[in-house]
Amino acid sequence: MSSQRSSKRGNMSCGLDQHYEDKVRPRIDLVDSLRALGVEKDLNLPAIAVIGDQSSGKSSVLEALSGVALPRGTGIVTRCPLVLKLKKVRDEDTWLGWLSFKDQHMELESPAEIENAILDAQMALAGQEGISHEMITLEIRSNDVPDLTLIDLPGIARVATGNQPKDIMKQIKDLIEKFIKKQETISLVVVPANIDIATTEALQMASNVDPDGYRTLGILTKPDLVDKGMEETVVKTVNNLVIPIKKGYMIVKCRGQQDINDKLTLAEALDQERMFFDESAHFRPLLEDGKATIPLLAKKLTNELVIHITNSLPQLQEELEMKLAKTTEDLKLLGDEVPLDRHEKNNFLIKKIHQYNDVLESVKRAEDDLKISGKRVYTKIRKECDTWKWLLDDKTAKTSLAEKKLRHEAVDDIRAQRGKELPGVVNNTTFESLVRKHVDELEEPALKLLKDVRDIVHSCVNTIVNRHFQRFPRLLREAEYPIEDFLKEEFQKAEEKVQSQFRMEKIVYCQDSLHIRQQGAVQQHSSVAQISDVRDMARHLNAYLTITSDRLANQVPLIVLYHVDQYISQLQNAMYAIIGRCDVEDLLGEDAKVARKRKELKERLERLKNAGKLLSKFLRSEV
Ligand code: GDP
Ligand code: MG
């Protein structure tokens with residue numbers, strides 16, 4: 001820890017009076033405590049952002065306010081958002097500084113180190129020429145600084161120079177906008193007094209995001225460079241008569257290039273500033289009105305920040321509660337934490353496997369409530385079976401009842417095949433060949449049914465396994481092997497059975513009594529054909545194919561469902577086998593991402609809870 005004293009800045013006061021101790025301090029402390037909890041990652045905290053065109057004097061104002069020398073020069077010097085957290089401490093000898101960006105965090109020994117530390121950080125984040133949205137945070141605790149958090153942003157460039165990206169202007173504006181559009185940010189718009197204020201881009205940008213101007217404060221700089229005769233316009237501007245904004249304007253004079261060359265200290269510059277306003281007939285009234293000089297600006301900003309904090313608290317609390325609820329919910333979605341104790345771990349694993357097997361069981365029993373593409377699994381399988389039945393009926397109707405078709409297409413065949421049987425006696429060879437042709441045409445749709453059901457079951461099981469084990473990569477892998485292996489095995493068996501069923505169908509056989517009964521049923525609603533042998537053939541075919549169709553309508557789905565059942569039983573058994581075969585530590589090793597996410601969420605939850613406590617304690621103390 002260093003306790004080096006920086007420049008002594010005697011007359012830089014932030015108005016440490018009773019009002020300050022009672023009203024200002026507690027609010028700034030509240031926001032600081034919230035910041036210290038790290039809730040900035042989750043919520044926007046009240047802050048002041050400094051924006052303006054290039055070389056308008058932003059860094060000079062920040063420097064004068066903070067007593068911290070910042071990098072300066074020509075071109076785009078500020079290339080990353082720089083958060084300047086200033087905290088006033090009572091001890092006159094304390095000077096503490098930290099700089100952090102991304103996961104880097106370093107302590108600074110003295111104010112002299114700041115400039116290079118910032119330049120190095122910018123180089124790391126944005127390279128040689130570019131700009132970056134990554135923040136650099138500079139925290140300073142000293143008796144010389146006001147209690148403020150200020151954000152320095154890149155100046156609005158007019159044109160890209162050198163190797164700068166062509167769209168640099170847009171990039172910068174996007175970056176600025178990201179900050180100033182937050183309700184929690186007060187925008188300090190820095191405008192040189194020696195230019196026409198109406199032409200400033202920054203004021204325009206601020207009024208776009210804050211049309212009523214409640215969060216915008218104008219700062220005029222470089223009053224010493226105002227052309228003779230233009231002073232009154234500047235005074236009018238500061239008095240809010242040219243482009244009025246709710247919070248109004250202030251005017252300050254900072255170190256010019258010559259002052260820096262002359263090594264004028266910041267403290268000396270403040271003395272000169274005071275003298276400048278005091279001695280100027282035009283500007284003295286502004287000083288008397290409290291609208292000029294850096295110390296008065298610091299005081300005003302602190303007050304503005306306090307008012308702003310007060311106004312932001314209800315919204316902050318609301319947001320905090322929303323985030324808290326969301327985080328709790330997210331944490332729940334990640335699932336229970338694995339116990340550390342080995343015995344409990346075993347129970348945890350068994351419970352997980354039970355849960356998984358239970359869901360599989362419900363699929364097997366067609367009682368699942370699992371949805372795939374919006375439909376229950378069993379509804380989908382049933383639909384496939386219904387399609388199969390519909391297809392059989394349709395095909396049978398087409399083949400057997402189409403006597404007309406038979407007349408035209410099969411008549412010659414029937415005649416040609418005729419042996420010595422008498423008219424009206426059905427030729428068996430023709431009959432069998434018609435039946436086989438019909439059966440042949442059904443095999444492919446039957447195999448398609450099988451394949452479709454297989455796909456449904458496969459995707460259903462995959463969904464279940466992922467839902468249950470995704471966070472445990474090893475367990476997931478172990479559960480996945482049987483899914484593929486058994487699927488292949490069981491559906492291969494089913495396919496063989498379906499194929500052999502179709503081979504059997506080609507035998508063409510039916511119990512006499514069944515056939516006669518069916519023939520009787522068919523005869524009644526068969527139309528009377530003109531040619532008797534064709535008519536008889538149609539009648540026989542119709543009867544036989546109806547019986548075949550009824551058989552296949554049940555038989556094929558039965559084979560399919562039987563093997564789905566077998567498949568799922570195999571999967572369930574395989575899960576229990578895993579317990580015996582693998583080590584529980586391995587199986588319950590959580591995916592690093594999930595573990596990290598849970599850790600993050602838990603930390604956030606903790607942060608938000610603590611922030612909530614701080615906030616309600618503060619609000620209670622206010623009433
Ligand atoms: P930025 O680009 O907006 O950060 O602007 P800087 O703070 O780097 O200022 C640009 C130049 O204007 C520097 O040379 C400063 O010394 C100079 N400057 C800033 N404020 C004043 C001022 O009040 N009077 C004079 N004469 N020069 C100033
Ligand atoms: Mg700058």
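In this predicted model, ligand 1 is surrounded by 18 residues, of which Ser55, Lys58, Ser60, Asp224 and Arg255 are the closest, a residue being counted as near if one of its heavy atoms lies within 4 Å of the molecule. Local features need pLDDT of at least 70 and side-chain atom pairs count only at pLDDT 80 or more, whereas totals for chains, interfaces and linings use all residues; side-chain values use heavy atoms, with hydrogens and water left out. Residues are numbered from 1 along each chain as its sequence is written, while chains are lettered from A and ligands numbered from 1 in the order in which they are written.

Polar contacts with ligand 1 (pairs of N or O atoms within 3.5 Å) include one from a backbone N or O atom of Ser55, which lies 2.8 Å from an oxygen atom of the ligand. A polar backbone atom of Gly57 is 2.9 Å from an oxygen atom of ligand 1, and a polar side-chain atom of Lys58 lies 2.7 Å from an oxygen atom of ligand 1. Of the 580 Å² of accessible area that ligand 1 has on its own, the protein covers 88%, as computed by the Shrake-Rupley method with a 1.4 Å probe. Two or more residues of the shell come from each of helix 2 (58–66) and helix 7 (257–261), helices being DSSP runs (H or I) of at least four residues, numbered from the N terminus; helix 2 gives the most, with three residues. By class, the shell comprises three nonpolar, eight polar and seven charged residues, where Ala, Val, Leu, Ile, Met, Phe, Trp, Tyr, Cys and Pro count as nonpolar, Asp, Glu, Lys and Arg as charged, and the others, Gly among them, as polar.

Helix packing was also examined. The axes of helix 10 (residues 294–333) and helix 19 (residues 592–622) come within 9 Å and cross at roughly 150°, with axes fitted to C-alpha atoms over the stretch in contact and angles running from 0 to 180 degrees between N-to-C directions. Helix 10 and helix 19 are therefore roughly antiparallel, a description applied to angles over 145 degrees. Their contact has 12 nonpolar, five polar and six charged residues.

Helix 14 (residues 428–469) and helix 15 (residues 473–505) pack at about 165°, with their axes 10 Å apart, and are likewise roughly antiparallel.

Methods: A polar contact is a pair of N or O atoms within 3.5 Å; within protein, one must be able to donate a hydrogen and the other to accept it, and residues adjacent in sequence count only if both atoms are side-chain atoms. Angles under 35 degrees count as roughly parallel, over 145 as roughly antiparallel, 65 to 115 as roughly perpendicular and the rest as oblique.
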